[in-house]
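Subject: Structure handover and findings

Hello,

Here is the structure to be passed on to you. My notes on it follow below.

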Amino acid sequence: MIEPSPTPDRQERAELRMVDHPKLIGRNKEITAARTSLSKKSGSDGILLVGHAGSGKTRLGEEIITSVSSQFQLSVRVRVRPEDSRARLVINDNEFRVIDLASGELQRLIRARLEGSSFILWVDDAHLLSAKAIYSICDAVRAGNGRLILGQTLEASSPSVIMHISKDAQIRRIDVAPLSPAYSRQLAGSFLRTHLSQETATWVAQLSQGNPTLIRELISAAIESDSLICREGAWQLLSAAPVMHYIRAKLEAYIPELSKSSREILEIISLAAPARLSFLEALAPPHILLNLEDRKLIHITNESEAGTAVVQLPSPLISLVLRENVEVMRRRLYLDRWVEVSGRSNLSDSERYQLIEWRMSAGLAVTEADLLAAGRYALNGDNILQAMAMTSQAWKMYPSAQTAELHALTLLALGELSTLHCFLRAATIDQGIDSESLTFAEVRALILEEKYTEAQCKVSRLSSGKASFSMAMMAYFQGMFREGLSLSYQALRECGPSERGEIVSFLMAALCHAGKPQEALEVHEEYQKTRVDDWSLHRDSLGELYAAALHDVGRLQEAELHLSREYNKAVGRYSVRLDAQRGIALAFNLHEQGQPRRALEYLSLTPSYRVGWRQWENRARVFRSLALATLGEQDDDDLTEIPWSHSGIYWAIARAWKDHTEGGPLTYEELKEAIDRVATEGGYADVAIAVHELARLGHIERTERYLKVPVHGPFLNARLNYVAALAYRDTKQLGCVAREFSSVGANLYAAEAYSELARLYRSSGSERAAAAATKSAYSLLEKCDPVCTPPLQFLSQAVSLSVRERAIASFAARGLSDKEIAERLTLSPRTVSNTLYRVYKKLGAQNRKDLRRKLQP
């Protein structure tokens, strides 16, 4: 894993404790399905939770019971005894008594104790029961006013009645699938009171394959074996060996007794995986491979780089256990045999990489060229942690300009910027390596740390192409889009083919900010025709920028599909940094479609889920604050200490929304100054976005001068037209805007436009048109998360309120006094009091609590 370090001090060790009951992670979909099925309106009798051992069915059942508890008067848990059909009953968390489930005692108990009461009955281990007992439970629930939750473990032999029940339309089956890699990493970190490092959380997620119980056991074993060390505020694993030794006895149960020959073949597969089938057939007789396949100890697939059948073990954990048991000399023996059968074939890049890892684990020499090739292969596959292992070994064994350059690039890609600076000092001062590539890496690191002055001082040491590109990066990240655009075009003319991908990323980004998303798409299309496969640092942002351009031209759902695919690919490959980076882009897209709750899932950065580059980390903070404000929730982050950057307009927007949500002074001067600044720098898309946000907050004064900024595409223009329609009270134009927002997939903005349209119609006496607009707004809100934004307030009330009346009523509904409202809106308390009187009269409200109820759309 990482280089050994001193043992943690006593204070650090005291902080390293397991959390007894961590937050349930990654089960929102299952909980939503369960709540729907258990609701009184569903007409179903209950649900059947089905999953593998350790999948977390019990914890999920507890969470479901809690989430639906308000619908039922009693909760009854049946704790089955595996030795017979008897079970212990727990009613509302209180032990009741032991009953015989097969005797009809449960039905009699329900009639006697629960008659007339709504209840939910939970049987966690239904597979332990007889068919008679299961039928008895179902009959008891159907006879009473109850709902049923059954749990079944897939590995257990279950009565056929459970399979019959799972096909019953009245019992909904919910599969408890393994957690995704992203949720597995998140869960691994949640078991500790302090953070888990990115590398260690990824290792646990890979081995556990989404099994929550196994994740807990791996973390527990790491603690018990003293294998964790605290570095930079996060716990990192020193070595996998002590952990494997600690839990080997338990894991060996996964591997049954095997013959010596079969065991050897499994060990070879663990070292070579994925192992080419034809090579294994040359090593082992067919009956051994057939026996292993029949026992489901190997899995054969045709998916490989070489286009041939390959063999894999059923789980990474079994592979690791087998591999850790192979001593060094036996590894060498296996390697000789493998090289003998594979030496005459053309190996794929992945097979060559695996052989290099094998040689290293066997203590054999590996050439500098092989290590560099392995590092580049890992980078090209976005396996940054694997690249880190190879390049650090290459530098350790062969300290040269080539190994230093590749290792520096890997540290930069991983976001380990402080480590990179230490390494560069060691390479240049201790080893005397003078390389433009190292200087270029240092300049990019300084830019990503927002140390622009220091970076500027070192740019003169670069060639013209790299200097132009560095200046373009600095200009872009400081929000100087016009200058960044010009410098990006200059760098394209001066740099070689291998650097084009990175430059094109910044060129597309600057074009999107300038309001020219169609040009960005054309640049992307042209680059794809001539792209070079060599990896470069920011080239992996091309997918996100392509989606950003799609988003700005009004193809929001297409952008979401692209980002979801890229995010899932990064998560599935355990591509650290990339997963968080793409998650932030996906979150923004979801927020724009009216799904801020979903967006928040991707915006909670931790040491185990992070980008490591400050501009992206700040962007995540800003988007998180915006999502919370859209939901009407407060954000603890005050968004200070964020310097002006390419995301500066979103920072100003988030601050304005934060003031609106939390009760700050509503002057919006900060946002207006930000609009002036980005307009000066050519960020016309940012201007359109910010002016639209001002209008959403009910502030359209002095925005007319921005309504003619040159932006391309229906989505950006719809934002400006929304403001113009409200400013001039143009119902026809506002109706067109609402339809435009709806057609591009911006459902929340479309609902807000229809809501404002209904008010305009109502104020002019067109009640039928107002009702139709209101109906359209509600139809669109069904596609959104539960949101709370100013245009939607009092949507359900068939009255017309002015902008000032809505603002005052909104603050009153939140419990602010007349004096507090007056201070916020720079009005006199008497004006506030008189306005509130009119609002109460229009809405038929009696008090502030009444207002709060009528406020919701």
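Which helix gives the largest share of the lining of the largest cavity? H27 does, with six residues.

Some ground rules before the rest. This is a predicted model, in which local features need pLDDT of at least 70 and side-chain atom pairs count only at pLDDT 80 or more, while totals for chains, interfaces and linings use all residues. Residues are numbered from 1 along each chain as its sequence is written, and side-chain values use heavy atoms, with hydrogens and water left out.

Cavities

The search of the whole structure gave six cavities of 30 Å³ or more. A cavity here is a set of points, on a 1 Å grid over the protein atoms alone, where a 1.4 Å probe fits but cannot get out; lining residues have an atom within 4 Å of a point. Grid points are joined across faces, edges and corners, and a volume is the space filled by probe spheres set on the points. The largest cavity holds about 550 Å³. It is lined by 30 residues, and the closest to its centre are Tyr 476, Glu 544, Leu 545, Ala 548 and Arg 619. Elements that give two or more residues to this lining include H27 (542-552), H31 (614-630) and H23 (464-477). Helices are DSSP runs (H or I, at least four residues), numbered from the N terminus.

Cores

A nonpolar core is a set of buried Ala, Val, Leu, Ile, Met, Phe, Trp, Tyr and Cys residues joined through side-chain atoms within 4.5 Å; buried means under 20% relative accessible area with a 1.4 Å probe, protein chains only. The largest such core has 160 residues, and Ile 649, Tyr 650 and Phe 741 are among those with the most contacts inside it. A second, separate core has 31 residues, including Leu 258 and Trp 358.

Helix H9

H9 covers residues 212-224. Asn 211 caps the N-terminal end, with a side-chain oxygen 3.1 Å from the backbone nitrogen of Thr 213. After H9 comes Asp 226, with a positive phi near 55°.

His 421

His 421 lies in helix H20 (residues 417-430) and is buried, at 13% relative accessible area. Its side chain makes a polar contact (N or O atoms within 3.5 Å, one able to donate a hydrogen and the other to accept it) with the side chain of Glu 449, at 2.7 Å.

Regards

Conventions: Buried < 20%, exposed > 50% of the residue type's maximum accessible area, 1.4 Å probe, protein only. Expected span 1.5 Å × (residues − 1). 1 Å grid on protein atoms, 1.4 Å probe; cavity = no way out; pocket = protein on both sides within 12 Å on 5 of 7 lines; lining within 4 Å.
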